[in-house]
Amino acid sequence: MTARQKTPHATGASLIWERPEPALRPAPGPLSRDRIVRAAIALADAEGLAAVSLRKIGASLDAGPMRLYGYLDTKEELLELMVDAVYGEMASAGPIPGDWREALRTIAHRTRRAAREHGWFIDLLGGRPHLGPNALAHLEASLAALSGAPGFEDIDAVMMAVGTVNAYVMGAIRAEANELRAEVASGMDQTEWQRASEAYIRRMIATGRFPTLAKVVEDATHPPADAAFDRGLDCVLDGIAARLSCGAAAGRGLRERR
């Protein structure tokens, strides 16, 4: 057993989600996990995830960093709590409506909206599933919105559809987040950067080595970010619909042969 495996929070009973908070102490200032998390989110929203530290959070709450350790063991637990709070904001939008296409579209847009409001959120997604109560509620609602619908009688089909849409959304919003960071780093928005690079790109195209890229520059519509996101999402949903149709046709053929 490694040293990491021996730590108290390595066991299920000590996960942050099931660990009671310390008794309330009014002085020097009342604290709670919720206040700590809200302060951390405000800091991350304003200065980025790299700026989040227990020292800065404690200063904003008039509390020393060691006092914060009474409410959580590690910074990783704080990040988990922050992610779960954002999932809670997503859930506050209400039930996921409509048929499977509308449901998946709603899930996609809620995730994108959360990532736009909290630019750091995407950096904490994409690994193992988050286990906080709000994250689990979001996952349950996402799966339940499709479960039992025509073509989604099998839970594997539900997981495939939700997972495929989530993969597209994470890729799309990560690209959007990287573009925003590039704007901050370079001092140029996308249009200004394209103008600065245009002469070079046209010289390269003029060599004749990049005929398809030339079509992109000359003929592609280059829709704005919102429209591009929805177009890509439509492609994903159309692919899921085609897969469902193939499965339904195969099922009909099997019944006819019997």
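Biologist: Where is Ala46 found?
Modeller: Ala46 is in helix H2, which spans residues 33–47. Helices here are DSSP runs of H or I with at least four residues, strands are runs of E with at least two, and both are numbered from the N terminus.

Biologist: What kind of model is this?
Modeller: This is a predicted model, where local features need pLDDT of at least 70 and side-chain atom pairs count only at pLDDT 80 or more, while totals for chains, interfaces and linings use all residues. Residues are numbered from 1 along each chain as its sequence is written, and side-chain values use heavy atoms, with hydrogens and water left out.

Biologist: Back to Ala46. Buried or exposed?
Modeller: Ala46 counts as exposed, at 65% relative accessibility. Buried means under 20% relative accessible area, exposed means over 50%, and partly exposed is in between, using a 1.4 Å probe and protein chains only.

Biologist: How far is the C-alpha atom of Ala46 from that of Gly119?
Modeller: They are separated by 9.4 Å. Along the chain, Ala46 and Gly119 are 73 residues apart.

Biologist: What about His118? Where does that lie?
Modeller: His118 lies in the loop between H6 and H7. His118 is buried, with a relative accessible area of 6%.

Biologist: Which residues is His118 in contact with?
Modeller: Leaving aside neighbours within four places in sequence, His118 is in contact with Ile41, Asp45, Val86 and Glu89. Contact means heavy atoms within 4.5 Å.

Biologist: Let's zoom out. How many helices and strands does the protein chain have?
Modeller: It has eleven helices and zero strands. Of the 258 residues in the protein chain, buried residues make up 33%.

Biologist: And contacts across the chain? What share join residues at least 24 apart?
Modeller: The share is 68%, counted among contacts between residues at least 6 apart in sequence.

Biologist: Left-handed or right-handed crossing?
Modeller: H6 passes H8 in a right-handed crossing. A crossing is left-handed if the near helix is turned anticlockwise from the far one by less than a right angle, and right-handed if clockwise.

Biologist: Which residues make the contact?
Modeller: From H6, they include Leu104, Ile107, Thr111 and Arg112. From H8, they include Val165, Val169, Ile173 and Glu176. By class, the contact of H6 with H8 has nine nonpolar, two polar and three charged residues. Ala, Val, Leu, Ile, Met, Phe, Trp, Tyr, Cys and Pro count as nonpolar, Asp, Glu, Lys and Arg as charged, and the others, Gly among them, as polar.

Biologist: Is Thr111 buried or exposed?
Modeller: Thr111 is buried, with a relative accessible area of 8%. Leaving aside neighbours within four places in sequence, Thr111 is in contact with Met90, Val169 and Ile173.

Biologist: And which residues does Asp226 contact?
Modeller: Asp226 is in contact with Arg112 and Arg116, again leaving aside neighbours within four places. Asp226 sits in helix H11. Asp226 is partly exposed, with a relative accessible area of 43%.

Biologist: Next pair, H5 and H7. How do their axes cross?
Modeller: At roughly 45 degrees, coming within 7 Å. H5 and H7 are therefore oblique to each other. H5 passes H7 in a left-handed crossing. Asp84, Tyr87, Gly88 and Met90 in H5 meet Pro133, Asn134, Ala135 and His138 in H7.

Biologist: Last one. Which residues does UniProt list for "DNA-binding region"?
Modeller: The unreviewed UniProt entry lists residues 53–72. UniProt positions are given in the numbering used here, feature names are shortened, and annotations may be inferred rather than shown by experiment. Over residues 53–72 the chain is 55% helix and 0% strand.

Definitions and conventions
Axes fitted to C-alpha atoms, helices over the stretch in contact; angles between N-to-C directions. Parallel < 35°, antiparallel > 145°, perpendicular 65-115°, else oblique.
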